[in-house]
Amino acid sequence: MQAVIVEHIVKKYQVEKSEVIALKDVSFEVAKGELFGVVGPDGSGKTSLFRVLTTLLFADSGAAKIDGYDVVKDYKIIRKKLGYMPGRFSLYQDLSVEENLTFFATIFNTTIEENYDLIKEIYQQIEPFKKRRAGMLSGGMKQKLALCCALIHKPSVLILDEPTTGVDAVSRKEFWEMLQRFKRQDITILVSTPYMDEASMCDRVALLQNGQILAIDKPANINQQFSHPLWAVQASNMYELLKKLKDWQAVYSCYSFGEFYHVVMKLDATGGKEIQAYLSEQGFQNVEVKQIAANIEDSFMALMNTTHD
Amino acid sequence: MSVLKYLLQKEFRQIFRDPSILKIIFVMPALQLIVIPLAADYEVRNINIAIADHDHSVYTQQMVQKIKSSGYFKLVNYTSTFQEAVTSIEADQADIVLEIPAKFELQIVREDHASIFIAVNAVNGMKANLGAVYLQNIIQNYNNQIRTKWVQFPAIPPQTNINVSVSNWFNPMMSYKYFMVPAVLATLLSLLGTFLTALNIVREKEIGTIEQINVTPIKKYHFILGKLIPFWVLGLVVLTIGFLIMRFGYQIHPVGNMLIVYLFASIYLLSILGLGLLISTYADTQQQAMLISFFLLMIFIMLGGLFTPIDSMPSWVQKLTCLNPVSYFIDVVRMVVLKGSGLADIKNHIFVIIGFAVFLNSWAVWNYKKTN
C-alpha cells in the first residue's frame, strides 16, 4: 500500500481581492519507507502542500490519504501516525530540551523511554544540553531537538518542511544521513527543500513550481531527461560574458552556477571549440569551456524554462 | 487525565520561569491597588483662585480669609483689577476668578444686598464645576454669618426653614476609599485575566507551537483547559492579595462574607478568561490581541461604574452596560464589602455572569475549532 496518496489537490488563497493559486492539481504517491523530496523555489507551494497533508489546512478540492486514512475525515487517526516538523522552529523556547521532549511524548501518550531507540542517535548529540532552554540552543541543535520531538511517538510518516533551511553545510549533510537511517526503520519521509543539491539524496523527487509539479522521478532519471548539451563557461570579464552569451542566438539559456556559467546550447552541433572561438572573437580573455553532465539544478532550470515558454 | 496534568505543569513552569510575567501578575496589581485609590479621589483640592478685589474692605478681607482657610483653595493672585485676574486664568495659573465689586461692604450694610462675580476656567470641567460649587457654599455661609449680625430677624421668620440632615448608609464617612478600592480590585482582575489569556495563546500562535500542537492527537478541550486553569488559579491568588491589601493597607473591613465574593469571582474569572480566549481566536499577533483587549476593556471599565455611576449615564448606555461583565463584578464586590449583601442579593448577578461565561467560552471554542 502506498503510504501517501495525493490526488488532484487544489488550494487557493484570497490575497487582497485577487486569488492566488498555491497548489494546482497536485497528484503523487509515495511508497512505504520511501524518502520523497519536494523541491521548489520559495513560494512554489511546498508548505501549503505539507499543511494539507498534516491536516492543518483544508484543500479546496482533491483528496489526500496517509496510510490509507483521509486527511479530512480521519484527521484524528492521522495525527497519531504523523510526525511533523514545521519550517520554523516551533518548540517552547522557555522550556528545556528535556521538558520539550517529555511534553511531546506525553501528549502523544507515550514516554521518552518507549521510543528511545529511534531517537537515540540524535538525542545523544543534544543530551549534554538537556537542561538548557530550547531558545538558547544553536540552530543545528534546535533542528535536532525538533526532529526528536517529531519522532518521539514513532510516526509511520514523517513530514519535514524545509528542515535544512538556515543550517550550516556540515549539519545539513549530517541531517540527510540521519534521514537515510530512518528510512531503514520503515518510516516514510516527505521532505521539502529549496536546495537542489539535496534533491539527489532523495529516492524520488517532485519538482514543484508555482503550485504545479513539473516532474516526479528518481533524481538520476530527471537528469537524463536533460536533452540539450550543457557547457560550463568562464572568462575574465564575467559580467560582460553573461550579456554576450544571452544575446548569442545559439544559446538556449544561461545562468550562473558557482564560478562558472552554465550554458545550454540550442544546437547539438555547437561544440566547445565553437563556443571558445565565438567568445574569443567577442574579445574575451582566459576563456575556459568544458562540457558537463546536467545535475538536478540544471534539470530544474530547464524544466522551469519549458513551462515558461 | 495525565495529558491535562502535564499541560498544566508545563503552563505553570512557563509562567514561573518568566520573571517579568511573574512581576506583572503579582506586583503590578498590588502596586496599582495601592496607588490608584490614593490618586483617583473625587474630592477636588488645590483649586487655584485669583481674586480681583475692588473694595478692599474689612468684609472682603474676612471673606478672602474664609476662602483661604477652607482648605480647597489656593490664592494665587490677589489684584485690584479684573483684567489682571483673568490674565492669570489665561496663563493657566488660576482656575477660578472671584471679582468683588467696589463698595461691596457699603452695599451689603446699607442696602442689604450685594453681588459678586465668579468666572471659572472650564477646561477641566470637573474642577471648574466643583470649584464654583465650593466657592458658592463658602460665600453663602459667610453671607449667613454677616446677616445674622446685621439683620434683625422678625419674630416670625418670613420663610419656613426646612432643616435637612443627611446620613450616609453603608459608608457613613462617605470615604471614597470604601467604594474605590474594591472596584479598582475588580477592574485589575479583569484586566489581568483577559490580557494574560489572550496574549498567552496568541504567543503560541506567533511562535508556531500551536501548529505543532495541532498535529498531535491532543484534544481541543484539554488544550483550552490547560490554558484556562492556570490563569484561573492565578486570578484567585491575585484577588486574595488584593483583599489583603484592602483589609490591612486600607483598613476596610468587609461587612459581608468574603466567600461570596470568591464564589462570584471564580465564575467571573471563567467569563473573563473566556473573553481572552475569544480574542485570541481572532487575533493572529500579540499586537492585535493587545489592542483588541485594550479597547474592549477600556469600554468595560469606563462604562463599568468605576468612576462614574452607571445610574447617571444616558438610558441607552445603561442598557449597554447590561452586556458589560466588569460592571457586575464591580457591583458585587461593592455590595458585599460595603453593604454585606448575601447570596440571595447577588443571585441575579451570578446568573448573568454564568451566562457570560457559557456564552463567551462557547463562542471561543466554536471559533477556535473553525479556524484550526
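Modeller: In chain B, 33% of the 372 residues count as buried, a term used for a residue with 20 or more other C-beta atoms within 10 Å of its own, whereas 12 or fewer make it exposed and a number in between partly exposed, with C-beta atoms placed from the backbone. This is a predicted model, in which local features need pLDDT of at least 70 and side-chain atom pairs count only at pLDDT 80 or more, while totals for chains, interfaces and linings use all residues. Residues are numbered from 1 along each chain as its sequence is written, and chains are lettered from A and ligands numbered from 1 in the order in which they are written.

Chain B holds 14 helices and four strands, taken as DSSP runs numbered from the N terminus, with at least four residues of H or I for a helix and at least two of E for a strand. The radius of gyration of chain B over its C-alpha atoms is 28 Å, while a compact globule of 372 residues would have one near 21 Å, by the rule of 2.2 Å times the number of residues to the power 0.38. Along the principal axes, the C-alpha atoms of chain B fill a box of roughly 95 × 45 × 40 Å.

The domain assignment, which is automatic or from a database, divides chain B into domain 1, covering 2–40 + 172–371, and domain 2, covering 47–150. The centres of these two domains of chain B, taken over C-alpha atoms, are 48 Å apart.

Of the contacts in chain B between residues at least 6 apart in sequence, 79% join residues at least 24 apart, a contact being two C-beta atoms, placed from the backbone, within 7 Å. Towards its neighbour, chain B has 18 residues in contact with 20 residues of chain A. On the chain A side, the elements that give two or more residues are α2 (75–81), β6 (82–85) and α3 (97–107) of chain A.

The largest nonpolar core has 137 residues, and those with the most contacts inside it are V333(B), C148(A) and I189(A); such a core is a set of buried Ala, Val, Leu, Ile, Met, Phe, Trp, Tyr and Cys residues joined through C-beta atoms within 7 Å. The element that gives the most to this core is helix α7 of chain B (residues 176–207), with 16 residues. Leaving aside residues up to four places away in sequence, C148(A) touches L101(A), I119(A), I122(A) and Y123(A).
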